[in-house]
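Biologist: I would like to learn how to read a few features of a structural model, taking them one at a time. Could we look at it together and begin with the surroundings of the ligand?

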Amino acid sequence: SDRTPKYKRILLKLSGEALMGEMEFGIDPNVLDRMSLEIGQLRGIGVEVGLVVGGGNLFRGAALQKTGLDRVTGDHMGMLATVMNGLALRDSLERANISTTLMSAIQMSGVVEHYDRRRSMRLLGNGDVVIFAAGTGNPFFTTDSAACLRGIEVEADAVFKATKVDGVYDSDPVLNPEAVKYNHLTYDDVLEKKLGVMDLTAICLCRDHNMPVRVFNMNQPGSLLAVTLGGKDGTIIDK
Ligand code: UDP
C-alpha cells in the first residue's frame, strides 16, 4: 500500500535551532509536541526511530570560544545542552504515549543512561524511540557527525536531517530568491561544491559507509512522514 514505509529504521537529526521554533533561545514546547506527533505517526506505521538532538539553541562550543572560553570546555557545555534538549524531547514523546529511551554519550548516572549500542538496537527493534544525546561524547565534533555515526552504528536505513528549508540549495534561499534546489546530490557533489548542509566529517562518514542522507523541511507538517514513505520531498544525498 502507499503506507508502506521506504525506510524501516531511520536516524533523525533534530538541530537545537529546530527546537527553538520562533523563539530566540531555549525550547518551544509547542514545537516539541508537534515533533512528537509526527514521530508518533512514524511509529504508527512501524518505522523505528533513533533521534540525535543538537544543542545550538542553548550553547555552541565554537561560539563560546569567541568569548574567551576554552574550546574544549565550551564543547563540553554544548554536549550537556544536547542532554537538556534530549530530556525535554523524551518528556514530550512520553506525554504523547511514545515509549522512549534517552541515552547519553557522556555518563550521567541518575539522570540518563549511558550509550550502549547493543541495548539501543534492541530497544529500537522493540519499538522504542531512542534519543542519542551528548553527541559523540568528544569535543571538536558536531551533532551532525554524531547522527551519522549513530545511524551507521545502529544500521539505520538512512539519516534524516531536518532543516528549516526544504532541501539543499546552491546558495542560501533565505538570502537569494534565485537559489536553486537540488533534488539529488552525490557525497562527492556535496564535498566538491562545498555545500554547507553538514560538516565534512559527517558527509565523509556517510560516504565511507554508504549511508544515504535525506534533507527535508521539518517546519512543513507531514514532510517527515512523506519522506519516510519514499516521497521526493527535499534532497537525497547518496552515491
Ligand atoms: N558538541 C561536541 N561534540 C559532539 C557534538 C556536539 O563537542 O560530538 C558540542 C559542540 O560544542 C556543539 C554543541 O555541542 O557546538 C551543540 O551541538 P551542535 O552545534 O551540533 O548542535 P545543533 O547545531 O545541531 O543545534
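Modeller: A definition comes first: helices are DSSP runs, H or I, of at least four residues, and they are numbered from the N terminus. Please also keep in mind that this is a predicted model.

Biologist: Which helix gives the largest share of the shell around the ligand?

Modeller: That is α4, from which six residues of the shell come. In total 24 residues surround the ligand, and the closest are Gly54, Gly56, Gly61, Gly78 and Gly135. The elements that give two or more residues to this shell are α1 (16-20), α3, α4 and α6 (143-153). Sorted by class, the shell has 14 polar, six nonpolar and four charged residues.

Biologist: How should I read the packing of two helices?

Modeller: Two packed helices are described by the distance between their axes and the angle between them. Here the axes of α2 (residues 29-44) and α4 (residues 71-95) come within 9 Å and cross at roughly 60°, which makes α2 oblique to α4. The crossing is right-handed, and in it Leu32, Asp33, Ser36 and Ile39 of α2 meet Ala88, Leu89, Ser92 and Leu93 of α4. By class, this contact has five nonpolar, two polar and one charged residues.

Biologist: Is asparagine 57 buried or exposed?

Modeller: A residue counts as buried if 20 or more other C-beta atoms lie within 10 Å of its own. Asparagine 57 has 24 within that distance, so asparagine 57 is buried, although it is found in the loop between β2 (48-53) and α3 (61-65). Leaving aside residues up to four places away in sequence, asparagine 57 touches Gly16, Glu17, Leu19, Met20, Phe25, Gly26 and Ile27.

Definitions and conventions
Residues are numbered from 1 along each chain as its sequence is written. This is a predicted model: local features need pLDDT of at least 70, side-chain atom pairs count only at pLDDT 80 or more; totals for chains, interfaces and linings use all residues. Axes are lines fitted to C-alpha atoms, for helices over the stretch in contact, and angles run from 0 to 180 degrees between N-to-C directions. Angles under 35 degrees count as roughly parallel, over 145 as roughly antiparallel, 65 to 115 as roughly perpendicular and the rest as oblique. A crossing is left-handed if the near helix is turned anticlockwise from the far one by less than a right angle, and right-handed if clockwise. Two residues are in contact if their C-beta atoms, placed from the backbone, lie within 7 Å. Ala, Val, Leu, Ile, Met, Phe, Trp, Tyr, Cys and Pro count as nonpolar, Asp, Glu, Lys and Arg as charged, and the others, Gly among them, as polar. A residue is buried if 20 or more other C-beta atoms lie within 10 Å of its own, exposed if 12 or fewer, and partly exposed in between; C-beta atoms are placed from the backbone. A residue is near a molecule or strand if its C-beta atom, placed from the backbone, lies within 6 Å of it.
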